[in-house]
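Here are my notes on this one, point by point.

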Amino acid sequence: MALPAPEWRGLIARRWAALDPPLRERLAAASLRDAVRLGCDLLRTEEEEAALGRLCQRVCTGKEPEAASFYREQGNREFGRRRYEVALRLYSKAASHEPPGSPKVSVCFANRSAALFHMEHFEVCLEDIARAESHGYPDRLLPKVLLRKAECLLCLGRLQDAADALSVVENKIHMDGFMTSPTHQTLLKKLSQLKVKLHEKETCPEPAREARADMRGKPEIWEENDSVSGASASLSLNYDTERGRHLLASQDIVPGQSLLKEEAFVSVLWPGESLPLQDSETAWDTRVTNADLYCHRCLRQLLASVPCQGCSYAKYCSQDCADMAWEQYHRTECSLGALLLTLGVFCHVALRTVLLAGFSEVNRLVEWSHSRDKDPHNPRAGCKCLSEAPEARAGTRGIPGCDDSGQYHGSYQAVFHLLPHAEQHSPEHKFLCMLSVVAICKQLQEAGLHAAVLNQESSEQSPKPKTSEQTSDELSPELKTVAEAMLRHVLQLQCNAQAITVMQELGPGDGAVVNEKPVRLATAFFPVLSLLNHSCCPNTSVSFSGTAATVRASQPIPRGQEVFHCYGPHQCRMRAAERQQLLSQYFFECRCRACLDELESDVKSVVSMRNSFCCPSCRAPMQGEEDLLFCSNEACATSVSRKNLSCRLHDLQQQMKKALDLLREGKADQANKMLLKCQMDAGNFLSPEHLLMGEMEDHLAQVYATLGKWQEAARHLKKSIGIVEMHHGPSSVETGHELFKLAQILFNGFAVSEALSTIQRAEEILSVHFGPQSAQIQELQEMKTCLSELPRSILQRT
């Protein structure tokens, strides 16, 4: 949720409507500084405080021992069913809810280590065993965990460490006594088995594995730009009044060439769905969200998370990440978790931005903004450099966001210079954003976090809080500065927020064919990436690894041509008129070549034709712009309501969803019957090239792959690829993903020759969009190596 909760938005909308007209006019014309000052006076009613309190109570971010017990019991139940991955997530949820110092957290780690062992994640299992020991795991239960540790070490081939661990556990078992109890007898039996296994490995060591060729591919050639941090030397930074800041190719660029490599200045995990707790009930939410799957600092995928000691929401990939997050920003955010989740990701990003920048830098830039040239006729008013030193580079002198030497860095100064478009946001939206950031700053002050916010940098550089000079309702001058900067950033995010996406597996993830889709993982500020202007037919592709973005050329870019990124819907996915409507949120009218060509021609767009309805009687294309559609076949007089066909389309999509749910539940035959019926129904009113027809072919391929019918799966997937190519192009990332799935099917079906040619084509496309180091490229190369090592007699037969 980018914006605040609907209930808060509704309350603020009512407040806005109730304001006197002169005050509304004053707020609409107010500068950011004046808006914050007015907001401090307006956000004082008990109604708002009570509403925020109620909304925050619905979000569980604190430590709840009852929740910990619930999740631990649920984890034990799933473990008993051998659903180890589900149990793993539940044990992690349990650990995150245990209060600091609770001995029960050690049980969560020990139980989680058992799930990890069964999943064969031996290294991570050892880490959890160490965590259990360090958190005071009960002495009487320790032998069982130590035996698991020894078995992990054996599986990893660390024989001396395994021998030492077995010696420790043997001494402990004998010291504890009660040798006749069933539990001790079980432990002794397991100990004996592991000692035999250790002896076998010592006397008959396993043959060394044959070294495989390095699959990482050749390192990319990279020469960094001397004016723009993270940019390739093949780009140049330019500025004009029509396009603002933009990047041009300073030399010919080839497809797949890396153009930008940038670490996000700030990123905040997109929380995903979460069920609010019901009043006084233990209706704890067991669904897995982004908060359970990814590190809250570096966005790496989590296996065994390290919980924050102060809240249940923040989870990290390691103790190092947890400690760094605490020092950089989480010590301030920790107690505000429920409020930040209630007020949305944009407010959270704004707060974290100022915390990372440090108050000294925030104060410096805010003060500069008060004294800048406010001439509305000057196109660079409000975004000049802080100083334009004589030694500044001639090519970048005066470009907004550049430093004294004329260089553009991914710094807070560059973030600050991103346009907030304060004059173009609706007054109601600015009012909502203003009261939301003021609410956060008031909570910071009331929670005693004032000093923590100001001391992000050394105390000598930060002004001292003047708590004695303000009332309990009045924000300190320093927090007013913070609120002003936050308001600026919230407004900037509408046009400059970058969604960090990740390919996420659909279904259980244990099938022979991996089906993935891109999902939003986080919202971030990338000041260098923000230099790229929009095109509905871009010449670049953006991929992410953790908090880092890489931009690659997706097509040849001649010298002197502008480098474009797609902000919204691609021309392949939507008609120009619909794209223009969506892109209006960025406060510009798209004049890219794709839009101009389509809007200036009378020909119906290809997207509209391919995704059109067909006549239920003769299956000719339907036509018409109003609600009533007519068959294009003059011999057929059929007319149908667009609303009726849209309802049929919606029902069809719901049936497809049910079929996929059946497939995930292991009911492949039922899913197959439902999808075949959907396919028959769709043929009666959708054009053969409709994207949904391709989706059905893709889903049928998944079903047949699950049943091990590889030839049938390949046949359906090839039809899907044909439709995807028609919509997105033969070298698109969408086509690459479909070819990757086809390669998996052909590999599993032992169609060697066809698999090798498909692998090669998938590699060529995906390496352009994601580079040679991506996980999909690595898997394709492993498949190719495996196939090429087959005996020649088999290769000749296939």
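1. Overall picture. Of the chain's 798 residues, 49% count as buried, where buried means under 20% relative accessible area, exposed over 50% and partly exposed in between, with a 1.4 Å probe and protein chains only. The chain has 31 helices and 15 strands; these are DSSP runs numbered from the N terminus, with helices being H or I of at least four residues and strands E of at least two. Among contacts with a separation of 6 or more, 65% are between residues 24 or more positions apart, a contact being heavy atoms within 4.5 Å.

2. Ground rules. This is a predicted model, in which local features need pLDDT of at least 70 and side-chain atom pairs count only at pLDDT 80 or more, while totals for chains, interfaces and linings use all residues. Residues are numbered from 1 along each chain as its sequence is written, and side-chain values use heavy atoms, with hydrogens and water left out.

3. H5 against H6. Helix H5 (residues 65–80) packs with helix H6 (residues 84–97) at about 165°, the axes being 8 Å apart. Axes here are lines fitted to C-alpha atoms, for helices over the stretch in contact, and angles run from 0 to 180 degrees between N-to-C directions. H5 and H6 are therefore roughly antiparallel; the cut-offs are under 35 degrees for roughly parallel, over 145 for roughly antiparallel, 65 to 115 for roughly perpendicular, and oblique for the rest. Their crossing is left-handed, meaning that the near helix is turned anticlockwise from the far one by less than a right angle (clockwise would be right-handed). Residues making the contact include Tyr71, Arg72 and Phe79 of H5 and Tyr84, Leu90 and His97 of H6. By class, the H5–H6 contact has eleven nonpolar, four polar and three charged residues. For the classes, Ala, Val, Leu, Ile, Met, Phe, Trp, Tyr, Cys and Pro are nonpolar, Asp, Glu, Lys and Arg are charged, and the others, Gly among them, are polar.

4. H9 against H11. Helix H9 (residues 142–155) and helix H11 (residues 182–203) meet at about 15°, with axes 11 Å apart, and are therefore roughly parallel. This crossing is left-handed too. Among the contact residues are Leu147, Glu151 and Leu154 of H9, along with Leu191, Leu194 and Lys197 of H11. The tally for H9 with H11 is nine nonpolar, no polar and five charged.

5. The three-stranded sheet. What is the order of the strands in this open sheet? It runs E4-E8-E7, with antiparallel pairing; two strands pair if DSSP finds at least two bridges between them. E4 (266–269) and E7 (498–505) are the edge strands, and neighbouring strands are turned by 40° against each other on average, direction ignored. E7 is joined to E8 (residues 516–525) by eight bridges. Helix H15 (residues 345–357) packs on the sheet, touching E4 and E8, and its direction makes about 140° with that of E4.

6. Glu48 sits in helix H4 (residues 46–57) and counts as buried at 1% relative accessibility. Not counting residues up to four places away in sequence, Glu48 touches Trp8, Leu11, Arg15, Leu42 and Leu43. Ala249, in strand E2 (residues 244–249), is buried as well, at 3%. Its contacts beyond four places in sequence include Ser234, Ile557, Arg559 and Val563.
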